[in-house]
Amino acid sequence: MAKIGSFLTTQGKGLSLLFTMLIGALVPQAHAFSFLIQYLLMVMLFFAFLDIEFKPQSFQKSVLWVLLANVAVAFISYVVLAPFNLMLALAAFMTAIAPTAIAAPVIISFIQREVEYVVTAVILTNIASALIVPIALPSLIGTAIQISIWEVLQPVLVVMFVPLFLSRLVMILPTKTRTFIRKGKTFSFPIWLANLFIISANASDFLRNGNTDSIFTLAVIALVSLIICIVNFGVGAMLGGRSHWQEASQSLGQKNLSFVIWIALTFINPLVAMGPMFYILYHHLYNSWSIYQFERKRA
């Protein structure tokens, strides 16, 4: 029983993500709720931002290298793949350009490393992605889809910075009120599962009723997403050096994929969103393994 309990503790979230994606794929009708993705994401970001503290003294230079690598991997992936397949190139770009996940500091805290390092990466990469994606996307998509920079930038800024602003307002409220609001953080993971369910249903609906050759493309996207995941965690570890290799690896490897999935579904198509969706599976499996390894060594 103890072994079963340990397994569920370290692998439970990863298994629930897999199960949710499977159920969503089997219920494509749920794509009708796609309009909720934006609002569910804002709720999750609001609760996550409650724990972010801005500490300039904790800044590490290697965080800047993580930021540059985040951007470089995205554009290099696009340039390499665009001559072969535009949708594949866009899937790779949207997967790689995703900023550091809000949950990355949580993983780092689980393995008892420097949380402030990853918090800095969260702030820098999320702001950079919110600015880079709207500016770059119209040019990357080409003439097939015409959208203005502001058309993308405006909702991105709303989704990213409204929760941030509201979370800062909470800090000035009385202590009891802040404590009560923070209790809502327990719903963050179920909300993410609901979001993932809708995203999976949306992708499943597209695969069944959209592009006839998307099954083959899906397999290629899955492979490209896996390669990007391996590159990110590996390059991040090198950039962090001996002192911060785990922090930098998490900062570059674990990504805020809800953000780019929403962009892909809103402005491109569900097939492009499959790149980040596969990445969700990969980085959660890696994180589950990392936590398991840490707990095993500590036991």
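## Helix H2

The expected span of a helix is 1.5 Å times one less than its number of residues. Helices (H or I, at least four residues) and strands (E, at least two) are DSSP runs, numbered from the N terminus. In this predicted model, helix H2 covers residues 37–49, and its 13 residues reach 18 Å from the first C-alpha to the last, close to the 18 Å expected at 1.5 Å a residue.

H2 is mostly covered, with ten of its 13 residues buried; buried means under 20% relative accessible area, exposed over 50%, and partly exposed in between (1.4 Å probe, protein chains only). The buried residues of H2 are Ile37, Gln38, Leu41, Met42, Met44, Leu45, Phe46, Phe47, Ala48 and Phe49.

## Basis of the values

This is a predicted model, in which local features need pLDDT of at least 70 and side-chain atom pairs count only at pLDDT 80 or more, while totals for chains, interfaces and linings use all residues. Residues are numbered from 1 along each chain as its sequence is written, and side-chain values use heavy atoms, with hydrogens and water left out.

## Overall fold

The chain has twelve helices and zero strands. Of its 299 residues, 52% are buried. Contact means heavy atoms within 4.5 Å. Among contacts between residues at least 6 apart in sequence, 81% join residues at least 24 apart.

## Nonpolar core

A nonpolar core is a set of buried Ala, Val, Leu, Ile, Met, Phe, Trp, Tyr and Cys residues joined through side-chain atoms within 4.5 Å. The largest one holds 73 residues, and Phe93, Met94, Ile263 and Ile268 touch the most other members. Once neighbours within four places in sequence are set aside, Ile268 is in contact with Met87, Leu90, Met94, Leu137, Ile141 and Ile263.

Ile263 is also among the buried residues of H11. Helix H11 (residues 257–267) is largely enclosed by the rest of the structure, because nine of its eleven residues are buried. These are Leu257, Ser258, Phe259, Val260, Ile261, Trp262, Ile263, Ala264 and Phe267.

## Cavity

A cavity is a set of points, on a 1 Å grid over the protein atoms alone, where a 1.4 Å probe fits but cannot get out; lining residues have an atom within 4 Å of a point. Grid points are joined across faces, edges and corners, and a volume is the space filled by probe spheres set on the points. A search of the whole structure finds one cavity of 30 Å³ or more, and the largest cavity holds about 30 Å³ of space.

Its lining consists of Leu88, Ala91, Ala92, Thr95, Ile221, Val224, Ser225, Ile228 and Gly275. Helix H4 (86–97) and helix H10 (214–253) are the elements that give two or more residues to this lining. By type, the lining residues are six nonpolar, three polar and no charged. Here Ala, Val, Leu, Ile, Met, Phe, Trp, Tyr, Cys and Pro count as nonpolar, Asp, Glu, Lys and Arg as charged, and the others, Gly among them, as polar.

## Selected residues

Tyr282 lies in helix H12 (residues 270–298) and is buried, at 16% relative accessible area. Beyond its neighbours within four places in sequence, Tyr282 is in contact with Ala222, Ser225, Leu226 and Cys229. Ser225, a lining residue of the largest cavity, is 57 residues from Tyr282 in sequence and 8.5 Å away, C-alpha to C-alpha.

Ala194, in helix H9 (residues 188–209), is partly exposed at 32% relative accessible area. Its C-alpha atom is 9.3 Å from that of Gly24, 170 residues apart along the chain. Trp65, in helix H3 (residues 62–81), counts as exposed at 53% relative accessibility. Trp65 and Leu252 are 187 residues apart in sequence, with 9.7 Å between their C-alpha atoms.

How values were computed: 1 Å grid on protein atoms, 1.4 Å probe; cavity = no way out; pocket = protein on both sides within 12 Å on 5 of 7 lines; lining within 4 Å.
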